[in-house]
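This report looks at one residue first and then at the whole chain. Please view the structure below before reading on.

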Amino acid sequence: MKNIRKTNILVASREIINGQVSLKQYCRQGVYKALKNFPYTLLDGGTLSENNLTDATSFIDKAKKEGARFVIIAEADAAPLESAVALTTTFKPVRAKVNLRVMATSNYQLVAQAAENASGLDAVQILAEQKALTNACQTAAEQVEDAITQAINSAKTFNFIVTNVNTIERLEKLQNIMRSQRDVEDFVLIKYRNSTATFSVQA
């Protein structure tokens, strides 16, 4: 039986603009734009610390507890671009670069990775930064779409039946145990009757 729930993906980024950490989420906007028509539920993972970039284990564990099957980690940087345009017009050219990783919460494995550069041009500096970061991250996210879909489809789906689940409290405890299993990517309770719980499990 297929799980009818959308796949949860937690999207987080560390965005540097002119050498300073930014909370404006321009990169994440680009990722959302790239993946908005796919059958994913995109969760906001916020701004990452530098430690999260070097060791993402604790962040991935947190994402799994929140129900995410995958995390997208984007490290993006934007800065003014010295060019003839900047010298001869009022437009502000900005260059952005991003390194984007997709990781599975079930086993910490790298599912896909992409690196991209993009430019933004606008008379307003902030808008040029937004264009550059959004475009770079959108293009990078588009490069990993197929790998995410393949990873989702590679999971085996089967029914898991547990008897003697006599109370709601035992049912909740059972579900918590299943959530804690690293090999279980996702599950949904499809029937609970006569103290028997039937789950559709992806692993």
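## Arginine 101

Arginine 101 lies in strand β5, which covers residues 92-104; strands (E, at least two residues) and helices (H or I, at least four) are DSSP runs numbered from the N terminus. The model is predicted, so local features need pLDDT of at least 70 and side-chain atom pairs count only at pLDDT 80 or more, while totals for chains, interfaces and linings use all residues. Residues are numbered from 1 along each chain as its sequence is written, and side-chain values use heavy atoms, with hydrogens and water left out.

## Surroundings of the residue

Arginine 101 is buried (under 20% relative accessible area, 1.4 Å probe, protein chains only). Arginine 101 has no salt bridge (a side-chain nitrogen of Lys or Arg within 4 Å of a carboxyl oxygen of Asp or Glu). The nearest side chain of opposite charge, glutamate 75, is 5.8 Å away.

The side chain of arginine 101 does reach the backbone oxygen of leucine 53, at 3.2 Å. Leaving out residues up to four places away in sequence, arginine 101 touches Leu53, Val71, Ile72, Ile73, Leu110, Ala112 and Gln113 (heavy atoms within 4.5 Å).

## The whole chain

The protein chain has 6 helices and 9 strands. Its radius of gyration is 21 Å, well over the 17 Å from the globule rule for 203 residues, so the chain is more spread out than a compact globule (the radius is taken over C-alpha atoms, and the rule is 2.2 Å times the number of residues to the power 0.38). The C-alpha atoms fill a box of roughly 75 × 30 × 25 Å along the principal axes.

Of the 203 residues, 42% are buried.

Note on methods:
Buried means under 20% relative accessible area, exposed over 50%, partly exposed in between (1.4 Å probe, protein chains only). Lys and Arg count as positive and Asp and Glu as negative; His and the chain ends are not counted. A polar contact is a pair of N or O atoms within 3.5 Å; within protein, one must be able to donate a hydrogen and the other to accept it, and residues adjacent in sequence count only if both atoms are side-chain atoms.
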